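This report concerns the packing and the charged pairs of one protein model. Please consult the sequence and the structure below while reading.

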Amino acid sequence: SRCTFDVLVVDQTPPMLVCPGNLQAECTSPDGAIVSYPPPVVADECDADPIVICNPAPGSLFPMGTTTVTCRATDDSGNSMECTFTVTVADTLPPQITCPADKIVECVSPYGTRVEYAATAIDSCDPLVAIECIPPSGSFFPVGSNSVECVATDSSGNEGRCTFVISVVDTKPPTVTCPASVLAECQSSNGTPVTFTATAADDCRGAVDVVCLPPSGSVFPQGTTRVTCTATDPSGNTGRCEFDVTVADTTPPT
């Protein structure tokens with residue numbers, strides 16, 4: 001006699017699935033970064049090609065911060081295994097800041113010159129980068145060379161820096177104002193003492209001392225004498241004006 005029976009071979013073992021290690025990527029836009037990661041390693045004793053699905057899929061756009069990726073492997077018997085790893089998108093690069101070119105401006109007041117300027121910055125991840133410059137735009141800059149430093153800071157705290165120089169120069173001479181021509185009566189055979197006032201003003205330095213030759217109070221001889229007045233500012237610029245002092249004898253003898 002004989003008997004028979006059936007042997008049913010089943011697959012109840014899930015695939016072996018190993019995810020890649022945690023990844024870190026640099027953001028490339030305000031939305032994050034597209035990240036392509038290596039596929040998980042999968043093996044199954046009965047199914048040579050289990051189906052592996054990861055979410056988010058490789059090549060997806062990952063936002064700033066840490067995202068957990070879940071991968072599931074399923075064999076043709078319906079057995080499945082999951083593994084997870086993280087993708088962290090960070091902003092570690094400083095903004096690219098551009099300072100204006102060095103400037104040379106004329107001094108216009110005793111305080112210097114008010115100068116306005118603009119620095120610009122771009123950042124791959126942050127469209128609104130904060131820029132701070134010291135001294136700020138619109139400040140008064142004194143005569144001389146003034147260094148300006150600008151700092152751009154993105155929302156992740158990364159800083160980019162640049163510097164430029166604002167040179168305030170004084171190249172204009174003072175404006176010297178002489179009196180009108182002076183007519184004086186002769187008082188002696190030596191002539192006549194004559195006093196007068198000349199003034200000088202400088203856009204950059206304010207009031208400036210005036211030197212006249214001959215000076216005020218000198219004894220001027222009969223006839224016409226040319227007086228030259230000069231004023232020199234601290235930058236060495238000299239302004240001048242001239243006028244005539246005429247001493248005449250119009251009084252008859254006694």
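The model is predicted: local features need pLDDT of at least 70, side-chain atom pairs count only at pLDDT 80 or more, and totals for chains, interfaces and linings use all residues. Residues are numbered from 1 along each chain as its sequence is written, and side-chain values use heavy atoms, without hydrogens and water.

A nonpolar core is a set of buried Ala, Val, Leu, Ile, Met, Phe, Trp, Tyr and Cys residues joined through side-chain atoms within 4.5 Å. Buried denotes under 20% relative accessible area, exposed over 50%, and partly exposed in between (1.4 Å probe, protein chains only). The largest core has 19 residues, and among those touching the most other members are Phe196, Phe220 and Val245. Strands, which are DSSP runs of E of at least two residues, are numbered from the N terminus. β18 (182-185), β24 (223-232) and β25 (238-248) each supply at least two residues of this core, and β25 gives the most, with four residues. Apart from it lies another core, of 18 residues, including Tyr117 and Cys204.

Six salt bridges are found in the whole structure; the term requires a side-chain nitrogen of Lys or Arg within 4 Å of a carboxyl oxygen of Asp or Glu. Three of these pairs are tabulated.

| Pair | Closest N to O |
|---|---|
| Arg205 and Asp170 | 3.5 Å |
| Glu242 and Arg226 | 3.1 Å |

Asp170 is buried, at 9% relative accessible area, whereas Arg205 is partly exposed, at 30%.
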